[in-house]
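Colleague: I am new to this structure. Could we go through it by question and answer?

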Amino acid sequence: MTISTVDTDTRTHSESEPSTSHADTTASRTPEVFERYESEVRGYCRSFPAVFQRARGASLWDENGRRYIDFFAGAGALNYGHNDPRLKEALLDYLAADGVVHSLDFFTVAKQRFLETFQDVVLKPRGMGYKMQFPGPTGTNAVEAAIKLARKVTGRSKVMSFTNGFHGMTLGSLALTGSEASRKGAGVSLQDAVRMPFDGYLEGGDTIDFIATMLEDASSGVDLPAAAIVETIQAEGGVNVARFEWLRRLAEVLARHDVLLIVDDIQVGCGRTGPFFSFEEAGIEPDIVCLSKSLSGFGLPLALVLLRPELDVWKPGEHNGTFRGHNPAFVTATVALDFWRDDALSRRVAASAEKVEASFGRLAEQARDAGVQATSRGRGMIRGLELTSDLAASISAAAFERGLILETAGAEDQVLKFLAPLTIDEGELTEGLEILEHSAEAVLAAAPESADA
Ligand SMILES: Cc1ncc(COP(=O)(O)O)c(C=O)c1O
């Protein structure tokens with residue numbers, strides 16, 4: 001995530017950009033109320049300090065009517081864009097009819113429809129027999145439920161996670177998170193996590209061979225974990241992509257030792273990479289899957305843990321939460337599954353992804369021409385450009401000034417991260433990518449690295 005410190009005076013503007021500058025519309029007019037009353041913990045609003053009012057599809061408008069193209073998509077919570085008209089209509093109809101909003105885990109018509117539709121549209125066509133657990137509504141709630149269940153099933157306490165992984169901010173999830181800065185915030189020792197190297201982490205070394213050796217050797221010092229939790233693409237960690245072959249070999253090694261495989265598909269599931277689940281193309285069958293973010297399709301909080309039926313050893317109410325399974329979110333989530341009744345969205349993702357990949361390839365070339373090391377990587381509609389943290393932050397800030405929201409990721413925020421809604425139309429995608437390329441050009445031209453080149 002970018003916390004911008006860029007000096008606005010050094011930025012250039014292209015002919016086509018809106019005449020109102022970032023400084024005019026945002027920083028100088030940011031109502032004091034936020035600084036005065038909102039906790040210092042606030043983050044994204046420091047990098048994108050507009051006061052937003054309205055949103056539709058892949059566009060947001062601030063209180064002054066200035067439009068921004070959204071290449072951030074609620075950090076993956078808005079795969080179908082802002083205020084999709086079909087989802088909005090279903091939600092408004094439900095509320096107008098006094099549909100039950102809150103009901104803990106009572107049976108409701110909204111939950112029944114979601115369960116049936118998710119089974120029919122997502123699980124059964126893929127031959128998946130998962131049972132469905134609704135934990136509290138955020139991603140970290142899903143992760144906590146998944147690891148708690150894995151520990152209960154296996155009787156083992158450790159959970160394996162990976163370098164640069166991110167799984168949320170509650171203590172169990174934080175223990176599994178790579179980032180030192182995030183873990184330090186816990187203020188207590190974080191326990192029962194075993195860190196292993198993600199794909200590509202050891203330059204020239206095969207990380208699966210390493211993991212297999214550590215699990216096989218009784219003297220490695222690594223206790224057999226209950227489960228391993230993995231992101232197929234580490235989004236917050238810097239858009240690190242695991243190869244399908246790596247995921248398959250990981251699944252084999254874990255199965256050999258009866259270690260459960262949990263896929264955290266919270267950020268890159270729900271179609272981000274093309275198919276509904278990001279692990280489908282790898283051909284692996286996780287024991288447990290965590291979903292949240294784009295599951296409701298509308299930005300409403302909803303989380304889901306998918307578990308193999310044999311693992312469902314919970315006692316009634318043993319894991320609970322006041323907001324588990326929220327009916328308005330079930331309503332929009334059910335309609336959002338219409339996107340998955342055919343392969344139109346997956347094909348659209350593939351087509352848009354080609355454009356994005358080409359643009360990021362040009363960006364990487366631009367950077368290299370300016371004497372800066374740059375790598376583009378990603379899959380489907382998630383893509384990253386690894387630069388230096390200063391350059392990534394400067395380009396993100398310059399893009400925001402030109403009306404584009406695009407965050408940074410990675411251990412040092414050194415990666416520019418593309419995460420537009422999957423449904424973005426061609427015109428907006430091209431416009432956003434052009435803004436990004438112009439912003440990079442301006443920043444690179446002024447960068448000290450290019451002077452040295
Ligand atoms: C892969 C992954 N897991 C878990 C989480 C935590 O989700 P939440 O912020 O909703 O708790 C995130 C959030 O970015 C994530 O990207």
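Modeller: One cut-off comes first: a residue is buried if 20 or more other C-beta atoms lie within 10 Å of its own, and exposed if 12 or fewer do. Keep in mind that this is a predicted model.

Colleague: Is Ile-211 buried or exposed?

Modeller: Ile-211 is found in helix 10, residues 207-216. Ile-211 has 21 C-beta neighbours inside 10 Å. The cut-off is 20 or more, so Ile-211 counts as buried.

Colleague: Leaving aside neighbours within four places in sequence, which residues is Ile-211 in contact with?

Modeller: Arg-156 lies 55 residues from Ile-211 along the chain, and their C-alpha atoms are separated by 18 Å. Contact is judged on C-beta atoms, which must lie within 7 Å. Once the neighbours within four places in sequence are set aside, the contacts of Ile-211 are Met-196 and Val-253.

Colleague: Which residue in strand 11 is the bridge partner of Ile-262?

Modeller: Strand 10 (residues 260-264) and strand 11 run parallel and are joined by 3 bridges. In strand 11, Ile-288 and Cys-290 point one way, Val-289 and Leu-291 point the other way, and all are buried. The bridge partner of Ile-262 there is Ile-288.

Colleague: And which residue in strand 12 is the bridge partner of Cys-290?

Modeller: Strand 11 (residues 288-291) is also joined to strand 12 (residues 304-307), by 4 bridges. These two strands run antiparallel. In strand 12, Cys-290 has as its bridge partner Val-305.

Colleague: How does helix 13 run relative to helix 15?

Modeller: The axes of helix 13 (residues 344-369) and helix 15 (residues 426-446) come within 10 Å and cross at roughly 10°. Angles under 35 degrees count as roughly parallel. Helix 13 is therefore, relative to helix 15, roughly parallel.

Colleague: How many residues of that contact are charged?

Modeller: Helix 13 contributes residues including Lys-355 and Arg-362, and helix 15 contributes residues including Glu-437 and Glu-441. The contact of helix 13 with helix 15 also holds 7 nonpolar and 3 polar residues. The number of charged residues is 4.

Colleague: Which helix gives the largest share of the shell around the ligand?

Modeller: There are 15 residues around the ligand, and Thr-138, Gly-139, Thr-140, Gly-168 and Gln-267 come nearest. By type, the shell divides into 5 nonpolar, 7 polar and 3 charged residues. The largest share, 3 residues, comes from residues 139-154, that is, helix 7.

Terms used. Residues numbered from 1 in each chain as written. Predicted model: local features only at pLDDT ≥ 70, side-chain atom pairs only at ≥ 80, totals over all residues. Near = placed C-beta within 6 Å. Nonpolar A, V, L, I, M, F, W, Y, C, P; charged D, E, K, R; others polar. Pairing = 2+ DSSP bridges. Axes fitted to C-alpha atoms, helices over the stretch in contact; angles between N-to-C directions. Parallel < 35°, antiparallel > 145°, perpendicular 65-115°, else oblique. Contact = placed C-beta atoms within 7 Å.
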